[in-house]
Amino acid sequence: MDDFGNIEDFRKGNPSAFEALLLKYKDRIYTLCRYLLENPQDADDAAQDTFVKAFQGLARFTPTASFYTWLYRIAVNTCLDQRRKASLRTGLFVADGTDFLDMAPSQSPSPESDFGTKQAIHSLQTSLNRLSVKLRVPLVLKEVEGLSYEEIAVALDVSVGTVKSRISRAREEMARMMKIPRNKTRGETLKKAGEKP
Amino acid sequence: MRCFSVRRRLSPYVDGELPAPEARKLELHLAGCQQCTAVYEEMVGVRRLFSGARRFSAPQGFPAAVMEKVRDLPAKPFSLVPLFVRFAGAAAVVLAIAAGAVSGDVLMSSLVPHRGPEGETVMASLSLDTFEASPPGSLGHGYLSLTGDRR
């Protein structure tokens with residue numbers, strides 16, 4: 001059953017329809033919360049709060065946008081609230097990004113390149129943590145969650161143009177912080193990226 | 001296409017969000033501009049790094065914890081009550097002003113039931129002109145009478 005079918009079922013009084021939505025989106029929402037909050041416990045709390053708020057608001061949900069865009073919007077707002085609370089609590093947020101290293105078995109051909117990959121991911125996360133929230137949120141929604149510019153605009157309640165410029169600025173800042181080398185040829189980069197833009 | 005325009009379009013180009021005609025113009029520019037190509041390399045480099053970024057799984061027991069929280073929570077239907085509560089203070093002030101205006105009007109009507117000398121006397125008693133700077137019988141009034149300024 002698709003999301004709208006589940007929502008209809010939920011409105012008719014079937015709570016298991018909500019559980020189906022929860023099971024479908026829990027990992028995506030939790031991942032988003034981890035990238036926005038870093039601390040696993042805070043991310044867990046924020047992700048749970050997101051679904052509780054979704055449960056309370058589902059009766060008012062109007063299908064002008066997709067359900068998950070709506071859910072992302074709740075999650076982003078919940079994480080921002082959580083960050084404010086955390087910054088009030090601790091004064092200054094500090095994270096080294098170690099938690100974000102991919103612990104899955106590496107596809108790299110050698111220990112050296114595996115180390116290089118982990119270093120690169122560590123560097124990526126550290127740089128990401130130093131980005132302002134305004135730039136970080138759309139970049140994470142794009143790169144980690146794979147949302148389109150339009151979906152990000154709906155989730156953040158900003159224009160597509162704003163999303164475009166924020167992602168562009170976020171990438172520029174990330175590249176500057178990570179000092180990505182500029183000496184490769186274009187063909188080589190495309191080949192390594194393994195994709196056609 | 002100039003470098004400035006190209007730089008603004010590089011990020012959407014990397015995301016495949018640039019319309020095809022613009023993408024072709026941009027590619028033509030990149031073929032002949034090393035500086036823009038270098039910036040493009042950076043954008044692709046950042047994007048490539050994200051492909052290794054971790055996707056998390058929600059902790060064990062996450063769905064159960066959420067369902068536990070929502071179990072006794074009724075889904076809220078849309079209601080005007082929260083709006084009313086939010087603006088209750090402002091509504092009370094407006095009501096008080098309106099009540100004051102209406103009761104003042106009623107009071108005036110009862111004091112001045114009809115036009116005529118009696119009504120005018122009452123009106124005069126309510127007027128601020130009662131507090132004259134030079135009331136009759138005062139030195140000021142006498143002086144003004146002498147100088148011809150009769151108010």
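**Exercises on salt bridges in a predicted model**

Asp3(A) has a relative accessibility of 10% and therefore counts as buried, where buried means under 20% relative accessible area, exposed over 50% and partly exposed in between, with a 1.4 Å probe and protein chains only. This is a predicted model, in which local features need pLDDT of at least 70, side-chain atom pairs count only at pLDDT 80 or more, and totals for chains, interfaces and linings use all residues. Residues are numbered from 1 along each chain as its sequence is written, chains are lettered from A and ligands numbered from 1 in the order in which they are written, and side-chain values use heavy atoms, with hydrogens and water left out.

**Exercise 1.** Find the partner of Asp3(A) and state which helices the pair joins.

*Solution.* A salt bridge is a side-chain nitrogen of Lys or Arg within 4 Å of a carboxyl oxygen of Asp or Glu. By this rule, Asp3(A) pairs with Lys24(A) at 2.9 Å, N to O. Asp3(A) belongs to helix H1 (residues 3-11) and Lys24(A) to helix H2 (residues 15-37) of chain A, so the bridge ties together parts 21 residues apart in sequence. Helices here are DSSP runs (H or I) of at least four residues, numbered from the N terminus.

**Exercise 2.** Locate Asp15(B) and Arg47(B), and name the network to which they belong.

*Solution.* The closest N and O atoms of Asp15(B) and Arg47(B) are 3.6 Å apart. Asp15(B) sits in the loop between helix H1 (3-14) and helix H2 (20-32) of chain B, whereas Arg47(B) lies in helix H3 (residues 34-50) of that chain.

Methods: Helix = DSSP H or I, 4+ residues; strand = E, 2+ residues; numbered from the N terminus.
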